[in-house]
Amino acid sequence: MTHRIASIPGDGIGVDVTIEARRVLDAAADKYGFSLEWTEFDWSCERYTKTGAMMPEDGVEQLSGFDGILLGAVGFPGVADHVSLWGLLIPLRRAFQQYVNLRPVRLLPGTSSVLAGRKADELEMVIVRENSEGEYSEIGGRHNAGRPDEFVLQESVFTRVGVERIIRYAFELARTRSRHVTSATKSNGLIHSMPYWDEIFAEVAAQYPDVRAEQCHVDALAARMVQAPDRLDVVVASNLFGDILSDLAAAITGGLGMAPSGNINPSGEFPSMFEAVHGSAPDIAGQGIANPVAQILAAAMLLDHLGETVAAQAIRASVDEVLTAGETLTPDLGGTSTTTALGAAVAASLR
């Protein structure tokens, strides 16, 4: 079996950690009897400064034939965040109907949580974030610019199709785990969108009597994530709430440098895209000290999606083994090793 993979290293440490993720993926392919055919694209903020575009006009078309996409972090000083985000990541998510943003979070061996006294089995959950609509809408605008009565409008869009499918995905996922889904809401403040979300959540929950369902206001849910994370397993949330909660979940389980994510098209009609949660950290780019674990774990998620589940689990086990040994850790993990050394150690553990 040969899988065609598009690699977009991006900016900053995205380039550094993607090299190591590819090293690990190639090692897994060699061991488990499949092939990866790589095509690399230079789409990035650097490209934007040269051409005025993050990717070419036919970028979506170029990627549409691949089996999966491995994306590095994107962002660089001088290019506004909304330019880089809306010029690359969001257009790809929407064109390929990657309506599930899946963020598994767990406390990895050899790392510590900012939460005192919490054990690894108490810090493991998955955030299912709606990835294609909600609060991240282009509808709106700036009016009366430069006048004292200047104002902006930013609209949210919640469709029945969009809300129902992400909630159903969460319930199906919960059936493979602890059979517990928590919905993030804010229906006491957002008078239209969140009551609508709650209604659809209740409708879907009624179809899964074997799964325990609860809803929680997002502010209280953030507090629970810190005070009682063991009471959470699958959390389903809108685009904005999911974005915030997933970063919080990563922070309490060792930091963003350890957290992978997937932009999933569940039907397989279009390619899915996998990336680390962390940013491009241009201040340390090219210094060989970036932690590649999140990108390596994102690569494992890519293999899961391609059906190479044994190889994916082997990568996760190898990451655990290297972190437990503690001999090859980057500075953020308390070690003195390089990005390359940590990636090579994980790859070697697979052989």
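Trainee: What's the strand order in the open sheet?
Mentor: The order is β2-β1-β3-β12-β11-β4-β5-β10-β8-β9, ten strands with mixed pairing. Two strands pair if DSSP finds at least two bridges between them. Strands (E, at least two residues) and helices (H or I, at least four) are DSSP runs, numbered from the N terminus.

Trainee: Which strands are at the edges?
Mentor: β2 (35–40) and β9 (212–217). Each pairs on one side only. On average, neighbouring strands are turned by 25° against each other, direction ignored.

Trainee: Before I go on, what kind of model is this?
Mentor: It is a predicted model: local features need pLDDT of at least 70, side-chain atom pairs count only at pLDDT 80 or more, and totals for chains, interfaces and linings use all residues. Residues are numbered from 1 along each chain as its sequence is written, and side-chain values use heavy atoms, with hydrogens and water left out.

Trainee: OK. How many bridges join β4 to β5?
Mentor: Seven. β4 (residues 100–106) and β5 (residues 124–130) run antiparallel. Pro 104 stands opposite Val 126 in β5.

Trainee: Which strands does α9 lie across?
Mentor: Helix α9 (residues 293–305) lies across β1 (2–8), β3 (68–71), β4, β11 (260–264) and β12 (272–276). α9 runs at about 160° to β12. Axes are lines fitted to C-alpha atoms, for helices over the stretch in contact, and angles run from 0 to 180 degrees between N-to-C directions.

Trainee: Switching to helix pairs. At what angle do α5 and α6 pack?
Mentor: About 45°, with axes 9 Å apart. α5 covers residues 160–174 and α6 covers 193–206. They are therefore oblique to each other. Under 35 degrees counts as roughly parallel, over 145 as roughly antiparallel, 65 to 115 as roughly perpendicular, and the rest as oblique.

Trainee: Which residues meet there?
Mentor: Among them, Val 163, Ile 166 and Phe 171 in α5, and Trp 197, Ile 200 and Phe 201 in α6. Contact means heavy atoms within 4.5 Å. By class, there are ten nonpolar, no polar and four charged residues. Nonpolar is Ala, Val, Leu, Ile, Met, Phe, Trp, Tyr, Cys and Pro; charged is Asp, Glu, Lys and Arg; the others, Gly among them, are polar.

Trainee: And how do α1 and α10 cross?
Mentor: At roughly 130°, with axes coming within 10 Å. α1 is residues 13–32 and α10 is residues 309–325. That makes α1 oblique to α10. Val 24, Leu 25, Ala 28 and Tyr 32 of α1 make the contact with Val 310, Ala 311, Ala 314 and Ile 315 of α10.

Trainee: What classes are those residues?
Mentor: Eight nonpolar, no polar and no charged.
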